[in-house]
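Please read them with the structure open.

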Amino acid sequence: MNEKLESELKLELEKLDEQNLLWNPKTLNGPSCSTCEVGGKRVVMLCSNNYLGLANHEALKKAAIAAIEKYGAGSGSVRPIAGTMDLHIELEALLAKFKHSEDCLYYNSGFTANSGAIPALLRSGDAVISDELNHGSIIDGVRLTKAERHIYKHCDMSSLEEKLKEVKAKNPNRILIITDGVFSMDGDIAPLDKIADLAEEFDAVTYVDDAHGDGVLGDHGRGIVNHFKLEGRVDFEMGTFSKAFGTMGGLIATSKINKEFLLNKSRTWLLTGSHPPATVAASIAAIKLLMESDELVKRLWSNTTYFKKRLKELGFDTGRSETPITPVMTYDSGAARKMSTRLYEEGVYALPIVFPMVAKDAARIRTMITAEHTQEELDFAIEKIEKVGKELGLIK
Ligand SMILES: *Cc1c(COP(=O)(O)O)cnc(C)c1O
């Protein structure tokens, strides 16, 4: 081991520790469920992205087991060489149907979809205009391009229009507008209808990252494009299987030509092993389940509405959230950390979100509601949030 490197890294870790930014993740001792065992303690889970409870759903588990029996444990290769099984093709075709898009491309993860597709689409002479609160995987994807980079104010359409005018004046070959669909820290929704209007006015290309909208927004959880009825007007609708869909994988719903180009040019699609059959089969089962019934999506929203309403009645500030992502504002970072620790002691698991993930005075506990939470679990969580909120002087 190189001692100089290790001593430098140790110093950096100590700095992170001083700033309270060191990760020390708690461990799940079983499946991810609405009540589960975390760090050896039974808690009501309020910080998983398992919005529909699909991560531990019987239909998905059965499909995964059957696929292992038929196809084995691994895929054997990268997609372009020998790692495309009929399962991968079936999933992409099913997704296109679900999304009402011409076609769909399945990546290993949402992160690799963004970090592979964005640099494939942009060259020097192009411009990208990105919402200031976009996800880190978009930021990394944009960093890999030689295009000119611009940032617009969060969900601010006059700021976007201003940037479009500024960029257009330089006559770039291609302009890409890129935004999260649902923003993961605040749970607000991008005004994608207005973005699509502006894109058409300025002849720009649109790309939305709907990681937190898949399975949550739209009819049967079809996502943000369906939510705003924008089918055919958004060039790239990217999403993930790792949240509401309960498994793992990235997706991009787009046209046939765009897909053909992306799969030939995305290094994160070409150069990495494809998903094991179990994951793909479980993903197919998840989409089939959603196409057959919107019961889970409806339950997710009724749980969300109830939980938010109760928190507001108690006097908590839940910020600008419009989705199951529900911040409980503490403003102060220390209070957010303390609240998370106390909630865990009381049997509720929710993590603090502090600077630099959010502004210094905008610390919060981020709670996430799922379809799986029972009335008892929601009431238990609310009771504990009320108790700890009073201890910390957040409410009276
Ligand atoms: C979670 C998330 C991703 C990454 O998706 P994975 O499939 O888990 O890699 C990308 N973008 C946003 C907005 C996310 O919230």
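1. How does the lining of the second largest pocket divide by class into nonpolar, polar and charged residues? The model is a predicted one. In it, that lining has 15 nonpolar, twelve polar and nine charged residues.

2. The second largest pocket holds about 660 Å³ of space. Its lining is made up of 36 residues. Nearest the centre of this pocket lie His-135, Gly-136, Asp-180, Ser-184 and Met-185. Helix 4 (110-121), helix 5 (136-143), strand 8 (236-240) and strand 13 each give at least two residues to the lining.

3. Now the largest pocket. Its space comes to about 920 Å³. The lining counts 27 residues, and Leu-22, Trp-23, Asn-24, Leu-351 and Pro-352 are the ones nearest the centre. Two or more lining residues come from each of helix 1, helix 13 (333-345), strand 12 (351-353) and strand 13 (363-368). Helix 13 gives the largest share, with four residues. By class, the lining of the largest pocket has 17 nonpolar, six polar and four charged residues.

4. Leu-22 is among the residues nearest the centre of the largest pocket. Leu-22 also belongs to a nonpolar surface patch with Leu-13 and Leu-16. Together the three have about 240 Å² of accessible area. Leu-22 has a relative accessible area of 39%, so it counts as partly exposed.

5. How many cavities of 30 Å³ or more are there? The count is one. The largest cavity has a volume of about 30 Å³. Its lining consists of Ser-32, Cys-33, Ser-34, Met-45, Ser-48, Asn-50, Thr-370, Glu-372 and His-373. Two of these lining residues are nonpolar, six are polar and one is charged.

6. On to the salt bridges, of which there are 29. One of them pairs Glu-92 with Lys-259, with the closest N and O atoms 3.2 Å apart. Glu-92 is in helix 3 (residues 86-99) and Lys-259 is in helix 9 (residues 256-265), so this pair links distant parts of the chain, 167 residues apart.

7. Asp-219 and Arg-222 form another salt bridge. Their closest N and O atoms are 3.4 Å apart. Asp-219 is partly exposed, with 42% relative accessibility. Arg-222 is buried, with 10%.

8. Glu-346 and Lys-387 also form a salt bridge, and here the closest N and O atoms are 3.0 Å apart. Glu-346 lies in the loop between helix 13 and strand 11 (348-349), while Lys-387 lies in helix 14 (residues 375-391), so the pair ties together parts that are 41 residues apart in sequence. Glu-346 is buried, with a relative accessible area of 16%. Lys-387 is partly exposed, at 40%.

Conventions
Residues are numbered from 1 along each chain as its sequence is written. This is a predicted model: local features need pLDDT of at least 70, side-chain atom pairs count only at pLDDT 80 or more; totals for chains, interfaces and linings use all residues. Side-chain values use heavy atoms; hydrogens and water are left out. On a 1 Å grid over the protein atoms alone, a cavity is a set of points where a 1.4 Å probe fits but cannot get out, and a pocket is an open set with protein on both sides within 12 Å along at least five of seven lines; lining residues have an atom within 4 Å of a point. Grid points are joined across faces, edges and corners, and a volume is the space filled by probe spheres set on the points. Ala, Val, Leu, Ile, Met, Phe, Trp, Tyr, Cys and Pro count as nonpolar, Asp, Glu, Lys and Arg as charged, and the others, Gly among them, as polar. Patches are made of residues with over 30% relative accessible area and no salt bridge: like charges are joined within 9 Å, nonpolar side chains (Val, Leu, Ile, Met, Phe, Trp, Tyr) within 5 Å. Accessible areas come from the Shrake-Rupley method with a 1.4 Å probe; for residues, only the protein chains shown count as cover. A salt bridge is a side-chain nitrogen of Lys or Arg within 4 Å of a carboxyl oxygen of Asp or Glu. Buried means under 20% relative accessible area, exposed over 50%, partly exposed in between (1.4 Å probe, protein chains only).
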